[in-house]
Each structure stands twice: as structure tokens, then as C-alpha cells.
Amino acid sequence: EMEAIGGQEFHLPAIHPREVWEASGRWDVMGPNMFRMKDRGGRDLCLGMTHEEIFTHLAKGELRSYRDLPQTWFQIQIKYRDEQRPKSGLLRVREFTMKDAYSFDSDAVGLDLAYARQRDAYIRIFERCGIPYHMVEAYSGAMGGRESAEFMVEMDAGEDLVATCASCGYAANLEMATS
């Protein structure tokens with residue numbers, strides 16, 4: 001589905017140099033949630049919590065003109081976060097597999113179209129798999145973005161609560177829900 005919407009798959013490194021995170025201003029912002037280390041030369045590195053910084057660094061070197069746009073790049077890879085999100089007395093796992101995608105567009109209209117293509121691809125994936133889901137408004141947190149959605153599956157165990165309305169179809173993660 002990602003390739004069907006024009007996405008190009010990557011597999012990027014899990015260890016990132018400090019410089020790309022400083023360029024985005026997020027080296028300090030991520031605080032203790034980011035695993036940090038030094039290599040034998042004393043250079044600061046981190047384990048990738050996400051890959052915006054790396055994809056942006058690649059785009060800076062590869063995309064030379066608006067004629068190179070739009071681009072959608074994605075990967076399915078392990079992410080590392082030391083987040084303290086207790087649920088039932090347990091900490092959130094620190095290592096998990098995530099599919100992430102990034103679009104490079106010439107304007108806000110193109111960005112909105114790229115977001116809609118991603119959302120629609122996820123809808124097709126869940127429907128093809130026969131998985132009942134709720135697409136809910138979500139908080140994008142430190143990852144940023146104007147619009148964010150999560151796909152939730154109802155179950156007794158889990159860490160999120162979702163507000164839904166059967167009559168109008170509204171669904172939102174409780175941290176984003178409005179009435």
C-alpha cells in the first residue's frame with residue numbers, strides 16, 4: 001500500500017549522530033527519553049527514537065529543486081525510546097518496530113494531499129486485513145504536525161482510552177477529545 005501511493009522504502013541506521021538532532025533543535029528537547037552514547041572517538045550519538053532528522057538530512061543532500069517533489073519515503077524499523085508511560089505497573093517497551101513515513105512537498109496543499117494518501121493507505125490495510133478499527137484524532141507530541149490520527153482496535157488491555165460517538169462517527173484519543 002505504501003508503494004501504491006508512490007512511497008519509496010528505506011532502511012536507515014538505528015544509531016544517529018548528535019549533529020542531525022541538534023540541527024532540528026531536538027537533541028535537548030527529547031531529554032531522558034532518548035538513549036545517548038559516545039563512540040570510541042568521543043562523538044555523541046543516540047539510538048533513533050524516530051527518523052525525521054535522518055530523512056531530512058538525506059533530503060537536504062538529494063532533493064535539489066521543487067521539480068524533485070513530491071517525495072514520500074518510508075521504512076519499517078526498530079525505534080528506541082526510554083519513555084516512562086506506566087500501564088498496569090509496567091513501563092512502556094523501550095524497543096519497538098514502527099512504520100514511519102515522511103513526505104517532502106512544495107507547499108501546504110501538497111502536504112495535506114500526502115497526509116490524506118497515507119491515511120487512506122492505512123484504511124485500506126486495516127480493511128484488507130479485516131481488522132475493525134477506529135481512526136481517532138491524536139496528539140502528535142514531540143513529533144509535530146498539524147494533523148494526526150491513530151488507528152485503534154478495541155480491546156480490554158491497552159494504554160489508551162478512546163471517546164467515540166456511534167451516531168456521528170466521532171472518535172478521538174482522550175487526550176484530544178472535545179465535546
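This is a predicted model: local features need pLDDT of at least 70, side-chain atom pairs count only at pLDDT 80 or more; totals for chains, interfaces and linings use all residues.
Residues are numbered from 1 along each chain as its sequence is written. Local features need pLDDT of at least 70, side-chain atom pairs count only at pLDDT 80 or more, totals for chains, interfaces and linings use all residues, and side-chain values use heavy atoms, with hydrogens and water left out.

Three strands make up an open antiparallel sheet in the order E2-E4-E3; strands are DSSP runs of at least two residues, numbered from the N terminus, and two of them pair if DSSP finds at least two bridges between them. Strand E2 (15-17) and strand E3 (36-38) lie at the edges with a single partner strand each, so one side of each has no neighbour in the sheet. From one strand to the next, the twist averages 40°. E2 is joined to the antiparallel strand E4 (residues 44-47) by three bridges, and His16 stands opposite Cys46 in E4.

Gln118 belongs to helix H3 (residues 108-129); a helix is a DSSP run of type H or I with at least four residues. Gln118 is buried, with a relative accessible area of 14%, where buried means under 20% (1.4 Å probe, protein chains only). Leaving aside residues up to four places away in sequence, Gln118 touches Met2, Ile5, Thr72, Lys99 and Ala101, a contact being heavy atoms within 4.5 Å.

Rolling a probe the size of a water molecule over the atoms shows where empty space is left. A pocket is an open set of points, on a 1 Å grid over the protein atoms alone, where a 1.4 Å probe fits, with protein on both sides within 12 Å along at least five of seven lines. The second largest pocket has a volume of about 320 Å³.

How values were computed:
On a 1 Å grid over the protein atoms alone, a cavity is a set of points where a 1.4 Å probe fits but cannot get out, and a pocket is an open set with protein on both sides within 12 Å along at least five of seven lines; lining residues have an atom within 4 Å of a point. Grid points are joined across faces, edges and corners, and a volume is the space filled by probe spheres set on the points. Buried means under 20% relative accessible area, exposed over 50%, partly exposed in between (1.4 Å probe, protein chains only). Axes are lines fitted to C-alpha atoms, for helices over the stretch in contact, and angles run from 0 to 180 degrees between N-to-C directions.
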